[in-house]
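Here are some notes for a colleague who is coming to this structure for the first time. Please keep the sequence and the model open while reading the points below.

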Amino acid sequence: MILMNGRDVSKARNHRLKERISKDLEQGKRAPGLAIIVIGDDPASLSYVKGKGKACKLVGIRHDLHHLHESVEESEVVDLIQRLNQDDTVDGILLQLPIPRHLDDRKLINLISKDKDADGFHVINQGNLYQKMPCIKPATPKGIMSLLETFEIDVKGMDAVIIGRSNIVGFPIARLLMDQGATITVCHRQTKDLSMHTKRADLIIASAGKPELVKKDMVKEGAVVIDVGINRVDGKLVGDVDFEGVKDVASYLTPVPRGVGPMTINALLENTYELYLMHTR
Ligand code: NAD
């Protein structure tokens with residue numbers, strides 16, 4: 001089994017991005033800027049935001065953290081997003097999800113200018129993705145595609161089974177893999193017999209958010225297995241794949257942590273840089 005170490009791959013990609021940004025600065029351009037909005041004190045969200053800020057710093061992206069109170073009024077978030085939309089030094093805006101229930105995440109995401117949508121969640125970017133038009137791609141699916149590319153895994157003709165159909169992972173990764181020539185099955189909570197599908201898959205993308213859902217006996221010998229899940233069990237991070245069992249049958253496997261997570265952050269940085277180029281051309 002070849003371990004797909006996303007931390008190493010993302011480090012190399014971040015390094016290349018840092019060099020490009022250094023060159024831009026040498027030429028007298030301003031630094032790229034990412035505004036990160038986080039609402040409330042959810043420890044997981046704060047830890048993700050911290051990781052994203054640290055990564056920005058490493059590559060030379062200026063980041064501004066806007067930490068709003070749990071009970072913030074919608075109008076205050078709307079004002080902030082509108083202000084950031086108008087700010088010429090801000091290339092990307094990220095609203096860390098989930099947000100408190102009294103706020104409407106779809107509405108707020110779609111208020112972010114589609115040209116500052118660093119996460120690729122805006123309805124216009126998602127529509128363009130499904131129409132195969134140029135767009136900012138959602139970070140996690142983009143990161144998974146970069147990982148597959150780095151390991152020279154050609155998905156053309158593969159039977160790919162995706163577990164999960166969310167707007168941020170399952171559904172868009174289905175689109176991207178289909179574009180590359182894979183045959184797609186998307187499984188979800190209502191799927192009658194999950195293992196019947198996974199057992200015949202050449203590629204499994206596990207993004208259900210269920211600890212160790214995918215067991216060894218559900219995976220075909222030689223399959224490529226990408227574990228997107230991040231679950232906290234007894235204070236430990238575990239994925240959606242039973243790593244210890246599946247490692248004996250998979251040809252390629254991502255670990256959790258240090259798999260898809262760092263690739264998602266790299267994709268966010270690359271998206272921010274893409275927006276920066278759009279704004280400074
Ligand atoms: P979500 O809750 O929005 O969607 C989960 C999907 O899985 C749903 O479509 C649901 O129908 C399906 N599902 C749930 N249980 C299932 C089961 N037993 N069998 C088949 N399908 C099932 O979650 P999400 O936002 O798509 O995230 C999924 C997981 O990926 C979470 O653990 C999340 O923390 C993680 N995640 C990781 C990264 C990363 O960078 N590594 C990024 C985003 C999300």
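This is a predicted model: local features need pLDDT of at least 70, side-chain atom pairs count only at pLDDT 80 or more; totals for chains, interfaces and linings use all residues.

1. An oxygen atom of the ligand lies 2.5 Å from an N or O atom in the side chain of Ser166, while a backbone N or O atom of His188 is 3.5 Å from a nitrogen atom of the ligand.

2. The shell around the ligand holds 21 residues, and those that come nearest are Arg165, Ser166, Arg189, Val228 and Thr264. By class, this shell is made up of 8 nonpolar, 10 polar and 3 charged residues, and helix H10 (residues 260–280) supplies the largest share of it, with 3 residues.

3. Turning to the fold, the model has an open sheet of 6 strands in the order S1-S11-S8-S7-S5-S6, with parallel pairing. Its edge strands are S1 (2–3) and S6 (183–187), each of which pairs on one side only.

4. Within that sheet, strand S7 (residues 203–206) and strand S8 (residues 224–227) are joined in the parallel sense over 4 bridges, and Ala206 stands opposite Asp227 in S8.

5. Finally, helix H7 (residues 170–179) lies across strands S5 (159–163), S6 and S7, and helix H7 runs at about 170 degrees to S5.

Methods
Residues are numbered from 1 along each chain as its sequence is written. Side-chain values use heavy atoms; hydrogens and water are left out. Two strands pair if DSSP finds at least two bridges between them. Helices (H or I, at least four residues) and strands (E, at least two) are DSSP runs, numbered from the N terminus. Contact means heavy atoms within 4.5 Å. Axes are lines fitted to C-alpha atoms, for helices over the stretch in contact, and angles run from 0 to 180 degrees between N-to-C directions. A residue is near a molecule or strand if one of its heavy atoms lies within 4 Å of it. A polar contact is a pair of N or O atoms within 3.5 Å; within protein, one must be able to donate a hydrogen and the other to accept it, and residues adjacent in sequence count only if both atoms are side-chain atoms. Ala, Val, Leu, Ile, Met, Phe, Trp, Tyr, Cys and Pro count as nonpolar, Asp, Glu, Lys and Arg as charged, and the others, Gly among them, as polar.
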